[in-house]
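Subject: Handover of a structure, with findings

Dear colleague,

Please find the structure below, followed by an account of what was found in it.

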Amino acid sequence: MQSLIIAFAMYSKIPMPRADWNDKNMRYAFCWFPVIGLVIGLVELAVFYILTKWQAGSVFRGVCLMAVPLLVTGGIHLDGFMDTMDAFHSYQPREKKLEILKDSHIGAFSVICLVLYELIYIGAYSEIDAVRQAGIVAAGFFLSRCLSGIAAMTFPGAKKEGLLYMFTSKAHERAVKTALFLQTAAVAVLMLYLDGVTGGAVLVGAGLTFLYYYKKCKKELGGITGDTEGYFVTVCECVIVVAAAVCGIIR
């Protein structure tokens with residue numbers, strides 16, 4: 001239970017009781033990371049159902065659904081996305097890019113990429129009107145965090161400091177990896193059960209994003225950081241929404 005509280009306290013804005021951030025409690029914190037995505041997904045489904053029942057406009061519905069993960073997480077992943085965009089578009093040496101990631105100021109590229117991201121995200125979400133598609137997208141918030149956790153435990157780190165290193169260095173590697181892989185398999189089965197075509201497209205999109213993330217971070221930074229993990233979660237969720245929307249349009 002302490003590990004669950006730590007995961008939610010770190011990666012969400014949901015009020016949590018106090019927990020001791022000691023080595024024992026942090027060993028399994030990453031096992032609970034996807035559960036935050038489960039909470040987001042359930043809220044998304046509730047908002048989708050309510051707005052659909054009220055016959056709200058598709059764009060307004062898309063904006064509201066886009067806002068849900070931001071409100072639940074406090075924008076922690078989007079912050080990492082913006083920092084990573086500044087670093088990737090700086091075209092500086094690796095060491096300089098790592099310094100940019102730690103800089104609290106935002107640059108022009110992060111703002112440009114954020115606006116583009118939100119337009120794509122809202123546009124794609126406004127095209128989703130089937131309950132099964134919405135269910136798959138909701139499950140995608142769980143999937144993105146499963147893959148992010150797997151990346152954190154398996155990909156090389158770009159530095160031996162920071163929050164990501166603190167979590168991974170104290171994690172029980174075997175138990176956390178097993179939990180994350182089992183959760184990934186479970187959510188993949190659920191997606192395929194809800195809609196084989198859309199679920200398959202979403203899984204392929206998420207898988208390709210996962211591979212791209214590895215190659216991009218290895219090339220640009222020599223590994224991953226806490227900011228790039230936020231970048232991955234953000235991009236993966238957008239890819240999932242777009243994939244679901246495209247499947248709905250062409251079918």
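A residue is called buried here when its relative accessible area is under 20%, exposed when that area is over 50%, and partly exposed in between, with a 1.4 Å probe and protein chains only. I240 has a relative accessible area of 1% and is therefore buried.

Two remarks on the source come before the rest. The model is predicted, so local features need pLDDT of at least 70 and side-chain atom pairs count only at pLDDT 80 or more, while totals for chains, interfaces and linings use all residues. Residues are numbered from 1 along each chain as its sequence is written, and side-chain values use heavy atoms, with hydrogens and water left out.

I240 is located in helix α12; helices (H or I, at least four residues) and strands (E, at least two) are DSSP runs, numbered from the N terminus. Contact means heavy atoms within 4.5 Å. Apart from neighbours within four places in sequence, I240 is in contact with V137, G140, L143 and V202. Between I240 and F141 there are 8.9 Å in space, C-alpha to C-alpha, and the two are 99 residues apart in sequence.

T228 also belongs to helix α12. With 0% relative accessibility, T228 counts as buried. Not counting residues up to four places away in sequence, T228 touches T84, Y213, C217 and L221. T228 and A139 are 89 residues apart in sequence, and their C-alpha atoms are 22 Å apart in space.

T234, in helix α12, counts as buried at 4% relative accessibility. T234 touches H77, L78, F81 and Y117, residues up to four places away in sequence not being counted.

T209 has its place in helix α11 (residues 196–220) and is buried, with a relative accessible area of 9%. If neighbours within four places in sequence are left aside, T209 is in contact with F232, V235, C236 and V239.

Packing of α5 with α12

How do helix α5 and helix α12 (residues 226–250) cross? Their axes come within 7 Å and cross at roughly 105 degrees. Axes are lines fitted to C-alpha atoms, for helices over the stretch in contact, and angles run from 0 to 180 degrees between N-to-C directions. The two helices, α5 and α12, are therefore roughly perpendicular to each other. As for the terms, angles under 35 degrees count as roughly parallel, over 145 as roughly antiparallel, 65 to 115 as roughly perpendicular and the rest as oblique.

On the α5 side, the contact is made by H77, L78, D79, G80, F81, D83, T84, M85 and F88, and on the α12 side by D227, T228, G230, Y231, V233, T234 and V235. Sorted by class, this contact of α5 with α12 has seven nonpolar, six polar and three charged residues. Ala, Val, Leu, Ile, Met, Phe, Trp, Tyr, Cys and Pro count as nonpolar, Asp, Glu, Lys and Arg as charged, and the others, Gly among them, as polar.

Packing of α4 with α7

Helix α4 (residues 58–73) packs against helix α7 (residues 108–125) at an angle of about 120 degrees, and their axes are 8 Å apart. That angle makes α4 oblique to α7. From α4, the contact is made by V59, G62, V63, L65, M66, P69 and L70, and from α7 by E118, Y121, I122 and Y125. The contact of α4 with α7 has nine nonpolar, one polar and one charged residues.

Aromatic pairs

A search of the whole structure finds 14 aromatic pairs. Rings of Phe, Tyr and Trp (its six-membered ring) pair if their centres lie within 6.5 Å; planes under 30 degrees apart count as stacked, over 60 as edge-to-face and the rest as tilted. One of the pairs joins F81 and Y117, whose ring centres are 5.4 Å apart with planes at 40 degrees, so the pair is tilted. This pair links distant parts of the chain, with F81 in helix α5 (residues 76–88) and Y117 in helix α7, 36 residues apart. F81 counts as buried at 4% relative accessibility, and Y117 is buried with a relative accessible area of 9%.

Y121 and Y125 form an edge-to-face pair, 5.6 Å centre to centre with 70 degrees between the planes. They are four residues apart in helix α7, so about one helical turn separates Y121 from Y125. Both Y121 and Y125 are buried.

Finally, ring pairs link F81, F88, Y117, Y121, Y125, F155, F210, Y213, Y214, Y231 and F232 into a cluster.

With kind regards
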